[in-house]
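Student: I have a model open and would like to talk through some of its packing. Could you take me through it?

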Amino acid sequence: MKLVMIGSGYVGLVSGVCFSEFGFTVTCVDVDADKIAMLNGGDVPIYEPGLTDMMNRNVKAGQLSFSTDLATAAKDADVIFIAVGTPSRRGDGEADLSYVFSAAREVAKHLKHGAVVVTKSTVVVGTNRKVQGIIRNERPDLDFSVVSNPEFLREGSAIEDFMRPDRVVVGVHDERGEDVMRQLYRPLNIRETPLVVSTLENAELIKYAANAFLAMKITFINEVSNLCEKTGGNVQEVAKAIGLDGRIGGKFLHAGPGFGGSCFPKDTRAFAATGERFGAPQRLIEQVIEVNETRKHEMAEKVLDALGATDGKTVAILGIAFKPNTDDVREAPSLTIIPHLQKAGVTVRAFDPEAMEPAKHHLTGVTWCKSAYEAAEGADAVVILTEWNMFRALDFAALKEIMTDQILVDLRNVYRPDEVADKGFHYVSIGRGGEERMLEQVVNG
Ligand code: NAD
């Protein structure tokens, strides 16, 4: 089967590369000519572990190509995926579906009879019916199918997630759509991956409900961490124990500086806006959005508290990306926390192994450094914002030599309080500071 991927970003590129690895012939198309030129030169414009090798292997094998020419790519394609962005619309939080609709309008002109158009972008309920309407309007005589196939991969482990998903969800309205999707995902049968076949509407709802639930789980444990801090508890122990309950599950129970990234913030907003529009308000998710926004500022205040007076103070921020193993900074907590610190008069030095270039478009007044140690030079505090592996074994003796004061604010709970204290650092972390002292206060009233 011949596949076309419209949109060669995180999802389109990874999906295209993985489908070519399965043995399908794939053309990844994008309107961004620089991106396509880079891909044709063998370079990947994003940081995603393992992607470059797999991509170049499949290009060499003739399974994968890149183009800006949708007309040529689509004219003999059996399956056309739409994997363009669906960012938040300004003002109302609704998903901006204009890229999806314009891709549908554009590709409709070139579809052959029997083509299957699959929406992989995250789209609100009702969108696939609209895509169907757009294509039917453009080509009233065309015999085609529309399928919803939301993607659940995570940046940083995208290939693994695509190749070993917990489940694949497809929403269909006809047999051909279902047949084609079963063929496309057949390579996953060997791992007995569940293929959930449902309606277009259910597939759209499943994606948003899943992301909203995960965002809620993170926000829940973040709030629990605040209570742990006030009462002498330890959020890691609480999270571990509640996570052992099969009804709860241990994943997404890591307290931190608030969720960010290219999906959870915009998808929770779109979910809440959709609920509002249909008269079924998603009140829990509305709260999650608000609590998460506040959290990022609370984290900046936590750093300021650790510094004491702010005048003339310098912090070294380790990690800008919204999570490790990606260069994606979209709605990363760093983009709120750093300006908050700067506004309070703090000088910011920063290092991230992959995300500094994209971050430069969003942050000003930051001194960008080549390593964690360069960032820590002359700093009063080191702040771990993203838990890249390289920050898990910092040389505290070396840090002590170059820092002005020895404060470590660990917003990802990478270290144990006792081990950092032993190195002579004042240590501030999430949901487990000063357990014994606090407990004593609680017990003694
Ligand atoms: P992205 O911004 O990285 O990539 C989108 C690409 O589409 C860009 O390269 C853009 O130039 C291209 N594009 C836009 N309009 C086009 C058109 N008409 N023709 C051809 N190319 C066009 O976005 P992404 O992160 O890959 O996300 C894509 C979709 O997948 C979104 O709906 C997102 O919510 C969803 N999603 C993302 C992730 C993730 O981790 N990034 C995970 C699951 C789902």
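This is a predicted model: local features need pLDDT of at least 70, side-chain atom pairs count only at pLDDT 80 or more; totals for chains, interfaces and linings use all residues.

Student: In which handedness does α9 pass α11?

Tutor: Residues are numbered from 1 along each chain as its sequence is written, and side-chain values use heavy atoms, leaving out hydrogens and water. A crossing is left-handed if the near helix is turned anticlockwise from the far one by less than a right angle, and right-handed if clockwise. For α9 and α11, the crossing is left-handed.

Student: Which residues of α11 does α9 meet?

Tutor: Contact means heavy atoms within 4.5 Å. On the α9 side, the residues include Lys207, Tyr208, Leu214 and Ile218. Their partners in α11 are Phe264, Asp267, Thr268, Ala270 and Phe271.

Student: How many aromatic pairs does a search of the whole structure find?

Tutor: Rings of Phe, Tyr and Trp (its six-membered ring) pair if their centres lie within 6.5 Å; planes under 30 degrees apart count as stacked, over 60 as edge-to-face and the rest as tilted. With that rule, the search of the whole structure gives 14.

Student: What is the geometry of the pair formed by Phe396 and Phe425?

Tutor: The ring centres of Phe396 and Phe425 are 5.2 Å apart. Their planes make an angle of 75°, and the pair is edge-to-face.

Student: Is Phe396 buried or exposed?

Tutor: Buried means under 20% relative accessible area, exposed over 50%, partly exposed in between (1.4 Å probe, protein chains only). Phe396 has a relative accessible area of 6%, so Phe396 is buried.

Notes: Helices (H or I, at least four residues) and strands (E, at least two) are DSSP runs, numbered from the N terminus.
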